[in-house]
Amino acid sequence: MLADGSSVLHVGYTHPLVLGLDVTGRPLAWLSWAEAAVLYCREKVAWTAGESSTLLMGGTNRLSGQRSYLELSSIIALRTGTARPHRDTPTLCNANLFARDRYHCLYCGKRFSGSSLSRDHIIPTSRGGHDVWSNAATSCKRCNGFKMNRTPEEAAMSLLAVPFVPSFSEHLILSNKRILADQMEFLRSHVPAHRRGAYALVS
Ligand SMILES: [Zn+2]
């Protein structure tokens with residue numbers, strides 16, 4: 001640890017992802033430290049928040065002989081021109097859906113790896129159901145095979161949770177397994193209040 005409490009990280013160490021915001025503070029995406037470093041060097045970072053760590057870069061300054069360092073904050077806001085479109089719903093894809101349901105089948109309640117899961121349309125698309133978050137449930141292949149082209153009522157199956165439309169902040173929480181405490185605190189403040197309790201603060 002350095003005197004200021006930050007730590008020096010050698011390049012090659014798998015640095016936790018950096019939370020990228022648009023200039024207004026709306027969460028944009030997770031960035032690798034390398035992507036964040038490029039943005040710093042191109043002066044695309046408008047402001048920063050959260051803890052910072054010091055990255056030890058590979059090069060040595062020819063004049064000073066000093067190794068080069070970069071202060072990397074855990075949360076960075078990017079200058080204008082990178083604002084996220086005004087849309088707060090993440091794309092519905094299997095990876096995002098399984099993350100929303102935390103890799104649990106919403107019918108039998110068991111946990112599976114992604115390769116054993118599938119996207120179930122609660123009202124089947126062939127029966128007029130839409131491919132939207134509120135009509136999509138994570139299902140193991142066994143339950144999906146049993147349900148087939150039926151509604152849960154017809155198949156006498158009940159959903160263990162109400163499928164919800166995750167906000168973009170929830171999507172970011174659910175898609176990063178190595179989230180830092182300050183990043184979690186920031187993202188939780190953007191989660192609808194009635195679902196905030198589902199996301200535990202990192203100690
Ligand atoms: Zn199942």
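Tutor: Here is a walk through the core, starting with some background. This is a predicted model, where local features need pLDDT of at least 70, side-chain atom pairs count only at pLDDT 80 or more, and totals for chains, interfaces and linings use all residues. Residues are numbered from 1 along each chain as its sequence is written.

pLDDT is the predictor's confidence in each residue, from 0 to 100. The protein averages 86, and 86% of the residues score at least 70. Residues 1–7 fall below 50; beyond near neighbours in sequence, this stretch has 9 contacts in the model. Where pLDDT is low, the predicted coordinates should not be read in detail.

Next, the layout. The protein has 6 helices and 7 strands. Helices (H or I, at least four residues) and strands (E, at least two) are DSSP runs, numbered from the N terminus. Along the sequence they follow the pattern β-β-β-α-β-β-α-β-β-α-α-α-α.

Now burial. A residue is buried if 20 or more other C-beta atoms lie within 10 Å of its own, exposed if 12 or fewer, and partly exposed in between; C-beta atoms are placed from the backbone. Of the 203 residues, 23% count as buried.

A nonpolar core is a set of buried Ala, Val, Leu, Ile, Met, Phe, Trp, Tyr and Cys residues joined through C-beta atoms within 7 Å. The largest one here has 28 residues. Those with the most contacts inside it are V18, L19, I75, I76, C105 and I173. Elements giving two or more residues to this core include β2 (18–21), α2 (94–100) and α6 (181–188). Its largest share, 5 residues, comes from β5. Domain 1 (8–86 + 169–198) and domain 2 (94–155) both give residues to this core, so it lies between them. These domain bounds come from an automatic or database domain assignment.

Look at C105. Two residues are in contact if their C-beta atoms, placed from the backbone, lie within 7 Å. Leaving aside neighbours within four places in sequence, C105 has contacts that include K110, F112, L117 and C143.

Then turn to α6. Here Q183, F186 and L187 are buried. Seen down the axis of α6, the buried residues fall within an arc of 95°, so they line one face of the helix. That arc is taken from the directions from the helix axis to the C-beta atoms.

Finish with A95, in helix α2. A95 is exposed, because 11 other C-beta atoms lie within 10 Å.
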